[in-house]
Amino acid sequence: MPDRRLIEQLRPPKKQVDFKRPYNWLHENEPGVDGRILSVNTLFLTNKECSFKCVMCDLWKETLDRPTPAGAIPEQIRFGLEKLPEAQMVKLYNNGNFFDKKAIPPQDHAAIARLLQPFDTILLENHPKLCNSSVLEFQRLLHGQLEIAMGLESIHPDVLPRLNKQLTTDDFKKAADFLMKNGIRTRAFVLLNPPFCTDPRENIEWALKAVQFAFDCGVDTCSVIPTRPGNGMMDRLLTEGSFVPPTLKALEETFDRALQLDQGRVFADTWDLEKFSDCDDCFSARKERLERMNLQQKVLPRATCINSCRSMP
Ligand code: SF4
Ligand SMILES: [Zn+2]
């Protein structure tokens, strides 16, 4: 397993960020658990880098090296929400774990909860091992429904231990149980083509097994994330042949089949999707199809290609 020092050594430089500002914000739509479309405000908070150093992670690029100063996160939320229209749901992505005290200072929780008062649903991201009584204390401050997104990544027995995530499938299940028993909704992030599994067919099957595992743990929603190079370590693994990025075609098959499980919401992550495409002629139509499937939660007819390219099914 690549060690933490090597992972850090191979990194390209971080981006310049300002602790008083979220580094991005956006307004989008997403289907709720009952299928109705919800308006969503997503804030990408600037905070201290996550202390787990996962092999595939590139979220550290827009983080601080030092603990987040008290008061910075409420200020960022205030600023971000002022830029966005009203919405039913808010997602706070902090490139790590909301209940990491150095990332989101607990003394800011009450001010954060006050700012989140207008929202019916509040989604935060957190490592399964950090799902403890702090989550319940924060939940008590909220008016809306709390949802926690957790990275499951993979359930492949030769992959998950090597990701440096310091997570087992048991840890994930325990966290999901704990959250659900306390009335907190859960969602899982699942990687398509994590490092250390290089057979394209096996990768699709293992992603589907992870989705199934998450649903068996009672998770409401799974997001399938195509694994990307670009963080230094993943580029090294790509060169060494220990990582093969997924194709758009593989994502399409995984998403279709995960939706057909019909056990909860499934989303395909379409960010930076062009990196996985090998045909300019059909890419836009295929991306649009995935976006519509994200909203409609059903398998739609495949897009066609004027070139009848190899990447079509
Ligand atoms: S836990 Fe999440 S944010 Fe932290 S290093 Fe791993 S993937 Fe990145
Ligand atoms: Zn094509």
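**Helix packing, sheet order and ligand shell**

The buried residues of helix α7 pack against α1 (4-9), where contact requires C-beta atoms, placed from the backbone, to lie within 7 Å. The structure described here is a predicted model, in which local features need pLDDT of at least 70, side-chain atom pairs count only at pLDDT 80 or more, and totals for chains, interfaces and linings use all residues. Residues are numbered from 1 along each chain as its sequence is written, while chains are lettered from A and ligands numbered from 1 in the order in which they are written.

Helix α7 spans residues 233-240, and its buried members are Met233, Met234 and Leu237. Burial here calls for 20 or more other C-beta atoms within 10 Å of a residue's own; 12 or fewer make a residue exposed, and values in between partly exposed. Viewed down the axis of α7, the buried residues fall within an arc of 95 degrees, so they line one face of the helix; the arc is taken over the directions from the helix axis to the C-beta atoms. Just beyond α7, glycine 241 adopts a positive phi of about 85 degrees. Helices (H or I, at least four residues) and strands (E, at least two) are DSSP runs, numbered from the N terminus.

Turning to the sheet, eight strands form an open arrangement in the order β1-β2-β3-β4-β5-β6-β7-β8, with mixed pairing; two strands pair if DSSP finds at least two bridges between them. At the edges stand β1 (24-31) and β8 (265-268), each with a single partner strand, so one side of each is left without a neighbour in the sheet. β1 runs antiparallel to β2 (residues 37-44), joined by eight bridges, and glutamate 28 stands opposite valine 40 in β2. These two strands form a hairpin with five residues between them, and glycine 35 in the turn has a positive phi of about 90 degrees. β2 and β3, in turn, run parallel and are joined by five bridges, with valine 90 in β3 as the bridge partner of asparagine 41.

Finally, ligand 1 is surrounded by Cys50, Phe52, Lys53, Cys54, Cys57, Leu59, Asn95, Gly96, His127, Gly151 and Lys165, a residue being near if its C-beta atom, placed from the backbone, lies within 6 Å.

How values were computed. Contact = placed C-beta atoms within 7 Å.
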